[in-house]
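I opened my notebook to look through this structure, starting with its pockets. Here is what I had on screen.

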Amino acid sequence: IVPIFGAVIAFKNFTIKKGIWGSPWAQPWYQHYKYFFRSPSNVRIITNTITLSLGKLVVGLLPPLIFALAISECRNKYVARAIQTVSYLPHFLSWAVVYGICLTMLSESTGVINGLIKSFGGKTIPFLTSNKYFRGVLIGSDLWKNLGWGAITYIAAIMGVDTTLYEAATVDGCGRLRQIIHVTLPGIRKIFVVLMIMNVGKILNVSFTQVNVMMNDSVRQSGEIIDTWIYTEGLGKLNYSLSTAVGLLKSVISFMLVFATNRLARKWECAIW
């Protein structure tokens with residue numbers, strides 16, 4: 001808890017020489033917030049952050065759930081285990097390696113995909129250097145990297161569903177699809193809600209490492225997020241107070257979102273279940 005008190009520099013003009021308590025208070029106290037909200041790039045970086053976060057929220061919840069259902073329904077358990085193992089291995093790759101793979105596949109000049117497009121007489125697509133496609137590349141690469149890892153929680157939850165419910169559903173004439181709808185999904189709904197709450201709390205925290213590694217000047221317009229702006233304007237210019245102020249603002253907003261999502265989730269459960 002003690003380091004949290006260091007957040008007071010968000011309301012000071014902090015310098016390393018004077019320290020936290022010796023640095024003068026900002027005049028007015030919201031000086032750094034005023035600078036952030038009046039920044040010419042403010043609307044752009046907030047829009048980019050929210051857009052990428054919502055995209056990652058969707059691909060972080062639904063595709064892993066569908067993938068987990070597909071694996072759990074696979075009759076050959078050896079094949080299911082092999083697919084599951086291969087699918088979560090990319091999670092352990094660094095973003096630098098993932099970017100290298102993306103470069104190999106998506107480069108406009110030497111990429112495999114553009115090579116296939118050219119071989120069929122098509123026009124190459126600048127996936128990594130066009131603002132039109134860059135957000136999709138970020139979201140898609142995040143999905144590929146974390147699909148298998150995100151499915152692990154769902155698979156564990158599915159394994160915990162009472163098997164007698166499936167037996168009863170079979171006796172009642174339910175096929176596999178109806179068993180998924182009426183037994184599996186209701187059985188893992190609480191896990192889904194918990195993961196949703198956790199992901200909503202990170203909605204302003206797009207992976208800094210991913211964006212910093214993959215972004216270039218050509219796609220800064222669509223790729224720059226709050227964290228990369230903080231890195232450039234705050235840490236890059238030794239303006240630690242500005243960095244702390246924006247970080248504190250993100251934490252407060254994230255807490256409010258988690259609290260609100262939790263309240264909505266409880267009402268949703270009461271209304272549906």
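Predicted model: local features only at pLDDT ≥ 70, side-chain atom pairs only at ≥ 80, totals over all residues.

Of its 24 lining residues, I found Gly60, Asp142, Asn146, Asn199 and Lys202 closest to the centre. H3, H7 and H10 each supply at least two lining residues, and H7 gives the most, with eight.

Then I turned to the second largest pocket, at about 450 Å³. Its lining has 17 residues, and those closest to the centre are Ile71, Ser72, Glu73, Lys77 and Met159. Here H4 gives the most, with four residues. By class I wrote down eight nonpolar, four polar and five charged.

I checked helix H10 (residues 189–201) for length. Its 13 residues should span 18 Å at 1.5 Å a residue, and the end C-alpha atoms are 19 Å apart, so the two agree. Its buried residues are Val193, Leu195, Ile197, Val200 and Gly201.

Asparagine 42 sits in helix H3 (residues 42–73); its relative accessible area is 8%, so I logged it as buried. Beyond its sequence neighbours up to four places away, asparagine 42 touches Phe36 and Phe37.

Aspartate 227, in helix H13 (residues 226–235), is also buried, at 17%. I found its side chain joined to that of lysine 250 by a polar contact of 2.4 Å. Leaving aside neighbours within four places in sequence, aspartate 227 also contacts Asn205, Val206 and Phe208, among others.

Key. Residues numbered from 1 in each chain as written. Heavy atoms only, no water. Buried < 20%, exposed > 50% of the residue type's maximum accessible area, 1.4 Å probe, protein only. Contact = heavy atoms within 4.5 Å. Expected span 1.5 Å × (residues − 1). Polar contact = N/O pair within 3.5 Å; in protein donor to acceptor, adjacent residues only side chain to side chain. 1 Å grid on protein atoms, 1.4 Å probe; cavity = no way out; pocket = protein on both sides within 12 Å on 5 of 7 lines; lining within 4 Å. Points joined across faces, edges and corners; volume = space filled by probe spheres on them. Nonpolar A, V, L, I, M, F, W, Y, C, P; charged D, E, K, R; others polar.
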